[in-house]
Amino acid sequence: ETIKTRQINEPITWASSDEDIRTLMKEKSAFSVQSLFSSENMDAMDRMAKAIVKADNIEIIGMGGSGIIAEYLFKELLRYGKKASLFSDPYMKVHSSVGRHEGDICIAISCSGTNNDVLTTVNRAKKDGKKIYSITNNGDSTLAGMSETYVKSGTVTGFMDEGNAFSRLSQFAAVNMITLKTALNLGRDSDEYKWNFEESSNYHNF
């Protein structure tokens, strides 16, 4: 076992020194993002981007801590010119079924892939005819099994063995890659899209 592997697996505790924390945070953060870019994940992110391009509406689901990533994806897709809806509790989905069309897609974000509220909302989306895509730590989870494809975010032990904080870094990177691929697919052959995107980006950067 290498020193870096020990650092990635070593939890940060109350007794960790400042130097330990600096080293562990650096190695864990880097690993959580680097592990995202496996060939399987790159293929999954490419498939998700292509599905987003074709969809009239993208429903995004994220509860609790995953809601942060869901909101980021929602805002980025709006900026990139796609119609999107954000659901942060299961009751919102029940009230939103009217006006949705079969063929729209749903992207769910859940570290465990077993959150009951997420699964309830995803089941509702599936009944409405949506294809499910997901970002999750757990490739063996119910959520991953329901998905057309899923991106596996990195799992690294964090403070007192809590690992989701580092998963969020991986998930932010996944959103950036998915939305970049979406923009490239939309804009490669469209000067109008490129112009609109540049105008939107000018406002976004203020």
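In what order do the elements of the protein chain run from the N terminus on? They run α-α-α-β-α-β-α-β-α-β-α-β-α-α, where helices (H or I, at least four residues) and strands (E, at least two) are DSSP runs numbered from the N terminus. The model is predicted, and local features need pLDDT of at least 70, side-chain atom pairs count only at pLDDT 80 or more, while totals for chains, interfaces and linings use all residues. Residues are numbered from 1 along each chain as its sequence is written, and side-chain values use heavy atoms, with hydrogens and water left out.

**Whole chain**
- The protein chain holds 9 helices and 5 strands.
- Of its 206 residues, 45% are buried, that is, under 20% relative accessible area with a 1.4 Å probe, protein chains only.
- Among contacts (heavy atoms within 4.5 Å) with a separation of 6 or more, 68% join residues 24 or more positions apart.

**Helices H3 and H8**
- Helix H3 (residues 39–54) packs against helix H8 (residues 164–187) at an angle of about 50°, with the axes 8 Å apart; axes are lines fitted to C-alpha atoms over the stretch in contact, and angles run from 0 to 180 degrees between N-to-C directions.
- The residues of H3 that meet H8 include Met42, Met45 and Asp46, and those on the H8 side include Ala174, Met177 and Lys181.

How values were computed: Buried < 20%, exposed > 50% of the residue type's maximum accessible area, 1.4 Å probe, protein only.
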